[in-house]
Amino acid sequence: MPCLYISTNVSLDGMDTDPIFSDATKAVASIIGKPEHFVMVILKGSVGISFNGNKEPAAYAEVVSMGGINKQVKRNLIETLGTILKNRLSIPTARFFLKVYDTNASKL
């Protein structure tokens with residue numbers, strides 16, 4: 001079951017976040033190759049984040065998956081999730097950091 005955890009300093013109060021959840025779920029499922037009903041997405045706003053010495057809109061995310069992760073998958077996740085955050089929350093892609101962790105790789 002892949003899990004995507006997104007933290008951002010953007011306030012989500014009063015915002016319809018359903019499109020973010022939907023876009024992120026579809027992207028993670030498609031890129032990693034898992035069914036959508038196995039994907040968990042957690043979105044937390046108004047988190048204190050400073051990037052490059054300022055508090056302009058930024059986001060940090062983690063993806064944890066049991067298998068399905070390789071170098072190309074990581075690149076696709078960074079690009080696609082960065083685009084979603086840019087389009088939905090106006091976070092520049094250069095202010096988005098993604099950590100990807102494959103739980104199967106830790107057993108090798």
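Modeller: Helix α2 lies across strands β1, β3 and β4. Its direction is about 140 degrees to β4. Axes here are lines fitted to C-alpha atoms, for helices over the stretch in contact, and angles run from 0 to 180 degrees between N-to-C directions. Contact means heavy atoms within 4.5 Å. Helices (H or I, at least four residues) and strands (E, at least two) are DSSP runs, numbered from the N terminus.

This is a predicted model, where local features need pLDDT of at least 70, side-chain atom pairs count only at pLDDT 80 or more, and totals for chains, interfaces and linings use all residues. Residues are numbered from 1 along each chain as its sequence is written, and side-chain values use heavy atoms, with hydrogens and water left out.

Now the sheet. It is open, with four strands in the order β2-β1-β3-β4 and mixed pairing. Two strands pair if DSSP finds at least two bridges between them. β2 (40-44) and β4 (96-102) are the edge strands, each pairing on one side only.

Back to α2. D23 sits in α1 (residues 18-32) and R88 in α2 (residues 71-89), so the pair ties together parts 65 residues apart in sequence. The whole structure holds one salt bridge.

R88 is partly exposed, at 40% relative accessibility. D23 is also partly exposed, at 24%. Buried means under 20% relative accessible area, exposed over 50%, partly exposed in between (1.4 Å probe, protein chains only).

Conventions. A salt bridge is a side-chain nitrogen of Lys or Arg within 4 Å of a carboxyl oxygen of Asp or Glu.
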